[in-house]
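Dear colleague,

Please find below the structure I am handing over to you. My findings follow it.

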Amino acid sequence: MTDLLAALLLGILEGLTEFLPVSSTGHLLIAQHWLGQRSDFFNIVIQAGAILATTLVFRRRIWELATGWRDAETRDYALKLATAFLVTAFVGLPVRLAGWELPETVTPIAWALILGGVWMLVAEHFAEKRGDVATITWKVAVLVGLAQVVAGVFPGTSRSAAAIFMAMLAGTSRRSSAAEFVFLVGIPTMFAASGYAFLELVKDNALGSENWGEVALAFAAATATGFVVVKWLLGFIKAHRFTGFAIYRIVLGALLLLLMPVGS
């Protein structure tokens with residue numbers, strides 16, 4: 001397999017898994033085991049492609065939030081998004097600086113996949129008992145922010161899964177409403193995280209010699225694939241549960257523990 005094809009496949013995989021509740025980190029770990037290890041810069045760029053895809057999907061909603069401050073409901077929603085982001089930033093940055101993060105190796109990622117799958121099943125079960133609640137409360141906003149921090153500490157957790165199911169447990173039982181809020185708050189969160197990681201690489205002179213053709217191809221693949229996946233998921237969850245994703249996580253985590261070398 002050529003390096004160009006490997007880069008294309010990694011970009012597609014990032015776009016497929018970044019916003020599905022299945023952990024992009026776990027899937028990239030598996031893929032790079034066979035397709036070759038990539039630089040931190042490459043991984044940051046393809047993640048940025050996935051974030052751009054979400055921004056494009058929600059471009060009308062973002063414009064509405066940016067220009068609709070005179071409307072009380074719109075202003076309230078925007079302030080809750082800002083609150084969730086600020087909670088993630090002010091709690092997550094000290095955690096990052098303190099180095100509180102598990103390594104991106106098989107064992108912690110596999111267990112995060114399994115436990116996350118169980119968490120999804122439990123959260124959806126209790127959320128459905130509340131009925132169809134679409135409201136985003138201030139409690140939901142704060143807990144979504146904290147859930148994003150937890151996902152950053154435990155690779156394999158999946159930021160989208162942790163935040164969506166925290167929102168559902170905290171009161172927003174309608175899957176589509178919880179997902180929209182999480183995807184929207186994820187845009188500034190992930191752009192900030194990617195930007196911070198990039199600055200760390202610049203500071204450490206760790207950018208290295210990149211093949212810009214491969215990087216550009218992977219970025220475009222992640223953007224295009226992510227756009228399709230987010231559009232599909234928003235339609236899917238209106239009428240379907242997350243059960244299939246939860247079972248997939250549990251099975252994948254078990255296979256990782258059984259088949260991949262410890263520490264890889």
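I begin with one residue of this predicted model: E180 has a relative accessibility of 25% and therefore counts as partly exposed.

E64 is partly exposed, at 39% relative accessibility.

A further salt bridge joins R175 and E124 at 3.3 Å, N to O. R175 lies in helix α9 and E124 in helix α6 (residues 106–128), so parts 51 residues apart in sequence are tied together. R175 is buried at 14% relative accessibility, and E124 is buried at 1%. Through shared partners, salt bridges connect E124, E128, R175 and R241 into one network. The whole structure contains 8 salt bridges.

As for the overall fold, the chain has 11 helices and 0 strands. Its radius of gyration is 18 Å, close to the 18 Å given by the globule rule for 264 residues, so the chain is as compact as a globular protein of that length. Buried residues account for 49% of the 264 residues. The charged side chains comprise 19 positive and 18 negative ones, and the centres of the two sets are 10 Å apart.

Kind regards

Terms used. Residues numbered from 1 in each chain as written. Predicted model: local features only at pLDDT ≥ 70, side-chain atom pairs only at ≥ 80, totals over all residues. Heavy atoms only, no water. Helix = DSSP H or I, 4+ residues; strand = E, 2+ residues; numbered from the N terminus. Rg over C-alpha atoms; globule rule 2.2 N^0.38 Å. Buried < 20%, exposed > 50% of the residue type's maximum accessible area, 1.4 Å probe, protein only. Lys, Arg positive; Asp, Glu negative; His and termini not counted. Charge placed at Lys NZ, Arg CZ, Asp CG, Glu CD. Salt bridge = Lys/Arg side-chain N within 4 Å of Asp/Glu carboxyl O.
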